[in-house]
Amino acid sequence: MYNFNSTDIVTALPAPTGVMAAGIAGGGLSVCWNAVTGASSYNIYMASVSGVSQSNYASLAGGHVQTNAAYSNGCATPHTSGLTAGSSWYVVVTASGSGV
C-alpha cells in the first residue's frame, strides 16, 4: 500500500493565454503567448484547418507539432517554412512542466 502526500499530486498546467500568431519573412510563423508559471517547455500544435488540438493535429491538413518550442521574449518560431502568404493557420499552445 502506498501513502500519498501533497507532494505526490501533479496538477496539469493551464493553457497559455494571449496566443497570437503572425507570418514572418521566408514563409515562417511567429507564435507568441503569455508565460505559464511552472512551465519548463511548450508545445505548438498547428494545422491549416480550424479545430486543431493536441489529440487531432496529425489527422488534419497541414497538421504538425513543434515540441519543446524555444520560448524567448514571449514568442517562439516553430519549424515552419514555405507557408503561403495570406493562408490561414490554426495554432494551439500547451505548457509542460512540474507546475507550482
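Visitor: Which residue of β4 stands opposite Met46?

Guide: Met46 has His64 of β4 opposite to it. This is a predicted model, in which local features need pLDDT of at least 70 and side-chain atom pairs pLDDT 80 or more, while totals for chains, interfaces and linings use all residues. Residues are numbered from 1 along each chain as its sequence is written, and side-chain values use heavy atoms, with hydrogens and water left out.

Visitor: Why are β3 and β4 called paired?

Guide: Strands pair if DSSP finds at least two bridges between them.

Visitor: What makes β4 and β6 edge strands?

Guide: The open sheet has three strands in the order β4-β3-β6, with antiparallel pairing. Both β4 (64-66) and β6 (90-97) pair on one side only. Neighbouring strands in this sheet are turned by 20° against each other on average, direction ignored, with axes fitted to C-alpha atoms and angles running from 0 to 180 degrees between N-to-C directions.

Visitor: How many helices and strands does the protein chain have?

Guide: There are zero helices and six strands, where helices are DSSP runs of H or I with at least four residues and strands are runs of E with at least two, numbered from the N terminus.

Visitor: What percentage of the residues count as buried?

Guide: Buried means under 20% relative accessible area (1.4 Å probe, protein chains only), and 29% of the 100 residues of the protein chain count as such.

Technical notes
Buried means under 20% relative accessible area, exposed over 50%, partly exposed in between (1.4 Å probe, protein chains only).
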